[in-house]
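Take a moment to look over the structure below. We will walk through it one part at a time.

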Amino acid sequence: MLKDIILALSYAAIPLLIAIIVLHASAKKVPVYEVFTQGAKQGFVVGVKIIPYLVAMLVAVGMFRASGAIELMAEWFAPVLAAIGMPADLIPLAVVRSLSGSGSLGILGEIATANGGNAYVTKLAAVMTGSSETTFYVLALYFGSVGVTKFRHALAAGIIADIIGIFVALFIGNLVFG
Amino acid sequence: MINYIWLFFIVASVVVAFFTGRLKEVGDAAISYAGVAVQISIALMGVMALWLGIMRIAQKSGMVKLIAKAISPVIKRIFPDIPPDGEAATDITMNVSANALGLNNAATPFGLKAMQSLQKLNPNKDKSVASDSMCTFLAINTAGIQFIPASVMAVLAAAGSDNPAEIIAPCIVTTSIVLVLAIIIVKILERLFPEPAKLEKRKAGKNA
């Protein structure tokens with residue numbers, strides 16, 4: 001029930017949002033078409049501005065994934081993560097979820113295929129993936145777009161939140177499905 | 001800081017690849033991701049133009065002010081340094097709502113716009129230094145609030161899950177907890193490592 005409402009809401013959100021904004025503006029006598037194109041012009045400026053930052057970050061993370069370094073990191077962290085009760089299958093996911101969205105979905109796919117869609121490990125992995133955000137990508141993109149190079153505590157906050165997120169996902173997943 | 005992280009990714013990749021014998025794959029990845037980055041930027045230009053156009057209309061019509069006013073009590077608490085009924089407040093709200101609904105195509109343009117608005121309000125003399133508000137905004141963003149993890153559900157369904165939707169509630173609970181913790185963490189860190197502009201203010205206050 002809740003799921004249906006939320007799903008319907010997310011499908012309707014974009015068309016409704018656009019329609020409401022445009023209708024409200026025309027009621028206020030705003031020349032909607034002209035104003036739209038003025039604003040839209042800015043889109044290209046931003047798009048070009050972020051290219052160097054995207055190239056820098058995606059290339060670095062792409063190289064890192066291709067080298068096999070993530071599997072290596074997963075091996076190093078394995079004893080620590082096993083000690084808190086994380087299944088070994090989930091360790092690569094814990095490392096990748098802050099780095100790459102498509103990467104974490106790929107790992108989730110592997111876990112789901114190997115263990116089946118109804119397995120406990122698969123459900124834990126799904127909660128871990130569904131609650132993750134690619135911290136490095138977001139930081140590089142958003143800060144890069146406005147020329148900020150000194151991130152201050154934003155990076156530490158993001159990484160700490162990611163690590164806590166792994167534990168919370170495990171805890172909640174265990175509580176619901178365990 | 002970012003210099004070291006970037007350096008680490010590159011050097012670690014090459015060193016590890018040397019031992020795992022994946023130097024060719026790492027080289028291929030570098031070249032292909034450079035292309036992917038430009039493809040993403042170009043795809044983003046279109047949606048960016050769409051949302052910036054729509055938001056400009058909303059601004060002219062006064063709707064931005066209405067939205068900002070409605071959420072100003074929350075913004076005041078979390079972002080004490082920005083005007084609670086200003087443009088930045090609205091951009092942040094739009095980004096967070098789009099993220100929550102899983103509308104990635106809208107969330108990123110709103111997020112980039114929010115960063116521009118926050119940069120205008122950046123109190124630091126050196127504009128390459130992040131403001132407290134920017135750090136808080138990004139902490140909220142990296143917490144990954146999302147009501148419907150659609151792509152995850154798709155993977156589960158493909159793997160023969162009986163009920164892919166059962167992960168929705170745990171994901172909402174998890175991201176909500178992480179969101180609250182992320183805000184607490186970022187607030188603690190901003191006290192420990194104060195913004196240059198605030199340090200200067202404090203100094204000026206002591207001397208006066």
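Start with helix 4 of chain B, which covers residues 87-100. This is a predicted model, so every value here is computed from it. Helix 4 of chain B has 14 residues. At 1.5 Å a residue, they should span 20 Å.

Is helix 4 of chain B enclosed or open? Of its 14 residues, 11 are buried, so the rest of the structure largely encloses this helix. Among the buried residues are A88(B), A89(B), T90(B), D91(B) and I92(B). Further along, A98(B), N99(B) and A100(B) are buried too. Just after the helix comes G102(B), which takes a positive phi of about 75 degrees.

Now turn to chain A. A94(A) sits in helix 5, residues 91-96. Its relative accessible area is 9%. Buried means under 20%, so A94(A) counts as buried. Which residues does A94(A) touch, leaving out those up to four places away in sequence? They are M86(A), M128(A) and I166(A). Compare sequence with space for another pair. A94(A) and G173(A) are 79 residues apart in sequence, and their C-alpha atoms are 14 Å apart.

T122(A) belongs to helix 7 of chain A, residues 120-130. T122(A) is buried, with a relative accessible area of 0%. Setting aside neighbours within four places in sequence, its contacts include L108(A), I111(A), A112(A) and N115(A).

The size of an interface is often given as the accessible area lost when the parts come together. Between chain A and chain B, about 8,300 Å² is buried. Carbon and sulfur atoms give 79% of that area. Chain A puts 98 residues into the contact, and chain B puts in 103. How many salt bridges are counted between chain A and chain B? The count is three. The side chains of R152(A) and D132(B) meet in a salt bridge, 2.8 Å from N to O.

A nonpolar patch of about 870 Å² includes Y4(B), L7(B), V11(B), V15(B) and F18(B). Helix 1 of chain B, residues 2-20, gives the most to this patch, with seven residues. V15(B) is found in that helix. With a relative accessible area of 43%, V15(B) is partly exposed.

How values were computed:
Residues are numbered from 1 along each chain as its sequence is written. Chains are lettered from A and ligands numbered from 1 in the order in which they are written. This is a predicted model: local features need pLDDT of at least 70, side-chain atom pairs count only at pLDDT 80 or more; totals for chains, interfaces and linings use all residues. Side-chain values use heavy atoms; hydrogens and water are left out. Patches are made of residues with over 30% relative accessible area and no salt bridge: like charges are joined within 9 Å, nonpolar side chains (Val, Leu, Ile, Met, Phe, Trp, Tyr) within 5 Å. Accessible areas come from the Shrake-Rupley method with a 1.4 Å probe; for residues, only the protein chains shown count as cover. A salt bridge is a side-chain nitrogen of Lys or Arg within 4 Å of a carboxyl oxygen of Asp or Glu. Helices (H or I, at least four residues) and strands (E, at least two) are DSSP runs, numbered from the N terminus. Buried means under 20% relative accessible area, exposed over 50%, partly exposed in between (1.4 Å probe, protein chains only). Contact means heavy atoms within 4.5 Å. The expected span of a helix is 1.5 Å times one less than its number of residues. Buried area is the accessible area (1.4 Å probe) that two parts lose on being put together, summed over both.
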